[in-house]
Amino acid sequence: MNAPPETRAEDRPARLTVGVVGAGRVGPALAASLQLAGHRPVAASGVSDASRRRAAALLPDVPLVPPAEVLARAELVLLTVPDDALPGLVQGLAETGAVRPGQLLAHTSGRYGVQVLDPARRAGALPLALHPAMTFTGTPVDVQRLAGCSFGVTAPEELRLAAEALVIEMGGEPEWIAEENRALYHAALALGANHLVTLVAQSMDLLRTAGVAAPDRMLGPLLGAALDNALRSGDAALTGPVARGDAGTVAAHITELRRHAPGAVAGYLAMARATADRALAHGLLKPELAEDLLGVLAERPTTSQGDDR
């Protein structure tokens with residue numbers, strides 16, 4: 001992994017008071033990381049009991065106050081709310097006069113760049129989009145995981161160095177993402193990380209059904225090796241019956257899935273088709289074997305036994 005770029009002293013943000021709006025899994029971890037770099041968390045907002053517990057664990061002695069009060073107290077405000085809630089939150093804060101000129105306002109949404117912060121920018125805020133490419137647990141381990149974590153960074157050109165410096169201070173590595181590419185960037189991460197969790201959970205369920213007592217121990221070394229190979233070699237790492245063109249084996253898989261886990265059939269077929277396409281395009285799947293395989297994969301998944309409508 002490449003070392004993060006050096007940040008000159010004059011490009012580093014001054015020690016800032018930090019506020020968090022939305023004490024979910026992400027905000028408290030980022031604020032705790034900034035605290036380790038010398039910044040000072042002064043306020044957070046959170047409504048649920050889980051939010052309050054996370055704030056207490058990661059930001060002890062930091063008061064929980066309404067969002068407008070967070071902005072009143074902090075020079076750097078982290079907006080760490082769900083994507084769909086972000087535009088309304090920004091609009092509301094701007095309309096109620098909570099935003100102060102010169103205040104750094106950073107959201108952590110992967111989907112949005114800085115345009116979503118335009119209402120606050122018109123009120124004088126300095127907009128930043130800092131998205132950590134990491135999964136969060138809401139526990140102190142998240143602070144450690146930020147070491148070496150890539151952040152998708154979008155900011156006005158004049159704030160680029162400050163944005164990147166904040167990421168480096170949190171232990172991360174800044175990766176510049178153009179405004180128009182934010183949704184595609186986020187889709188790529190969701191495809192890899194979020195869908196991976198679903199695939200692994202389904203695989204563990206099926207192994208338990210097959211009588212495996214410890215599916216996690218069985219899958220751990222296999223998936224670790226597969227991930228390492230994929231990151232190193234891309235499509236060249238493809239193995240298994242689809243890449244080999246074993247149509248009979250794939251047909252047997254589909255039969256057993258329909259019997260034991262019909263809800264997994266559609267996902268298996270979709271991923272197998274995508275795998276076949278990539279294996280064929282990269283010369284791993286022999287064209288003479290592809291026809292039978294694709295014929296098997298063309299079968300429509302049924303919603304229940306005997307229902308082929």
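Trainee: Leaving aside its neighbours within four places in sequence, which residues is Val-77 in contact with?

Mentor: Val-77 is in contact with Gly-19, Val-21, Val-70, Leu-71, Gln-103, Leu-104, Leu-105 and Ala-106, its neighbours within four places in sequence being left aside. Contact means heavy atoms within 4.5 Å. Please note that this is a predicted model, in which local features need pLDDT of at least 70 and side-chain atom pairs count only at pLDDT 80 or more, while totals for chains, interfaces and linings use all residues. Residues are numbered from 1 along each chain as its sequence is written, and side-chain values use heavy atoms, with hydrogens and water left out.

Trainee: Why does Val-77 count as buried?

Mentor: The term buried applies under 20% relative accessible area, exposed over 50% and partly exposed in between, with a 1.4 Å probe and protein chains only. Val-77 has 0% relative accessibility and therefore counts as buried. Val-77 is found in strand β3.

Trainee: Why is Glu-164 called buried?

Mentor: The relative accessible area of Glu-164 is 17%, so this residue is buried as well. Glu-164 lies in helix α7, residues 160-169. Apart from neighbours within four places in sequence, Glu-164 is in contact with Val-153, Pro-174 and Trp-176. For the protein, buried residues make up 40% of the 309 residues.

Trainee: What makes a stretch a helix or a strand, and how many of each does the protein have?

Mentor: Helices (H or I, at least four residues) and strands (E, at least two) are DSSP runs, numbered from the N terminus. By that rule the protein has 13 helices and seven strands.

Trainee: How do you know that β3 and β4 pair, and in which sense?

Mentor: Two strands pair if DSSP finds at least two bridges between them. β3 and β4 share four bridges and pair in the parallel sense; in β4, the bridge partner of Val-77 is Leu-105. Strand β5 (residues 126-132) and strand β6 (residues 150-154) also have four bridges, but in the antiparallel sense. There, His-131 has Gly-152 of β6 as its bridge partner.

Trainee: What makes β2 and β7 the edge strands?

Mentor: The open sheet consists of seven strands in the order β2-β1-β3-β4-β5-β6-β7, with mixed pairing. β2 (40-45) and β7 (173-176) each pair on one side only, and are the edge strands. From one strand to the next, the twist averages 25°.

Trainee: How do you know that both faces of β4 are covered?

Mentor: Leu-104 and Ala-106 on one side, and Leu-105 and His-107 on the other, are all buried. Helix α4 (residues 86-95) lies across β1 (17-21), β3 (76-79) and β4 (104-107), running at about 145° to β3.

Trainee: Why are α11 and α12 called roughly antiparallel?

Mentor: Axes are lines fitted to C-alpha atoms, for helices over the stretch in contact, and angles run from 0 to 180 degrees between N-to-C directions. Angles under 35 degrees count as roughly parallel, over 145 as roughly antiparallel, 65 to 115 as roughly perpendicular and the rest as oblique. The axes of α11 (residues 247-260) and α12 (residues 265-281) cross at roughly 160° and come within 9 Å. The two helices are therefore roughly antiparallel. Their contact is made by Val-250, His-253, Ile-254, Leu-257 and Arg-258 of α11 and Val-265, Tyr-268 and Leu-269 of α12.

Trainee: What makes α11 roughly parallel to α13?

Mentor: α11 and α13 pack at an angle of about 10°, with their axes 9 Å apart. That angle makes α11 roughly parallel to α13. Ala-247, Val-250, Ala-251 and Ile-254 in α11 meet Asp-292, Leu-293, Val-296 and Leu-297 in α13.

Trainee: Why are α12 and α13 roughly antiparallel to each other?

Mentor: α12 and helix α13 (residues 287-297) pack at about 165°, with their axes 11 Å apart. They are therefore roughly antiparallel. Leu-269, Ala-272, Arg-273, Ala-276 and Leu-280 in α12 meet Pro-287, Ala-290, Leu-293, Leu-294 and Leu-297 in α13.
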